[in-house]
Amino acid sequence: MTLYNKYLKIFEKSFYLYISFGILLSSCVGGVAAMLVLMNGSGPIEMFELFLITCVAMGYNTAVLANLKPRITYNILLGSVGVNLLIILLNIF
């Protein structure tokens, strides 16, 4: 069993608990990413990064509100956190 499948089963088992945690996680990581982007200026590249941050964070919230299947919701959460962490790393270095 892979690490992905292991955590997907845990996510599916306590789906309603983890969607609340996911909203907090996605929003907080997105907020940190947005802060770091805006600390670097407000040019066109930074505005595109800010747009991307907003889209992926809201994408997870939309998946939760649309009552999508747990696997899809989990994948969107991983994508949201992954994209935001990548933007954080790009703006730190």
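Q: In this predicted model, is the crossing of α2 and α4 left-handed or right-handed?
A: Let's start with the two helices: in this predicted model, α2 covers residues 15-39 and α4 covers residues 70-92. Where α2 and α4 cross, the hand is left-handed.

Q: Are α2 and α4 roughly parallel or roughly antiparallel to each other?
A: Their axes lie 9 Å apart, and the helices pack at an angle of about 20 degrees. Angles under 35 degrees count as roughly parallel. The relation of α2 to α4 is therefore roughly parallel.

Q: By class, how many nonpolar, polar and charged residues has the contact of α2 with α4?
A: On the α2 side, the contact is made by residues including Phe15, Ile19, Gly22 and Leu25, and on the α4 side by residues including Pro70, Thr73, Leu77 and Ser80. Sorted by class, the contact has no charged residues, 7 polar and 15 nonpolar.

Q: What span does helix α3 reach from its first C-alpha to its last?
A: Helix α3 runs over residues 44-65, which makes 22 residues. At 1.5 Å a residue, 32 Å is expected, and the model comes close to that with 31 Å.

Q: Which helices are included in what covers the buried residues of α3?
A: Among the buried residues of α3 are Glu46, Ile53, Val56 and Tyr60. Their cover includes α1 (3-13), α2 and α4.

Q: Is Asn61 buried or exposed?
A: Asn61 is found in helix α3. Leaving aside neighbours within four places in sequence, Asn61 is in contact with Ile23 and Ser27. Its relative accessible area is 17%, and the cut-off is under 20%. So Asn61 is buried.

Conventions
Residues are numbered from 1 along each chain as its sequence is written. This is a predicted model: local features need pLDDT of at least 70, side-chain atom pairs count only at pLDDT 80 or more; totals for chains, interfaces and linings use all residues. Side-chain values use heavy atoms; hydrogens and water are left out. Axes are lines fitted to C-alpha atoms, for helices over the stretch in contact, and angles run from 0 to 180 degrees between N-to-C directions. Helices (H or I, at least four residues) and strands (E, at least two) are DSSP runs, numbered from the N terminus. Angles under 35 degrees count as roughly parallel, over 145 as roughly antiparallel, 65 to 115 as roughly perpendicular and the rest as oblique. A crossing is left-handed if the near helix is turned anticlockwise from the far one by less than a right angle, and right-handed if clockwise. Contact means heavy atoms within 4.5 Å. Ala, Val, Leu, Ile, Met, Phe, Trp, Tyr, Cys and Pro count as nonpolar, Asp, Glu, Lys and Arg as charged, and the others, Gly among them, as polar. The expected span of a helix is 1.5 Å times one less than its number of residues. Buried means under 20% relative accessible area, exposed over 50%, partly exposed in between (1.4 Å probe, protein chains only).
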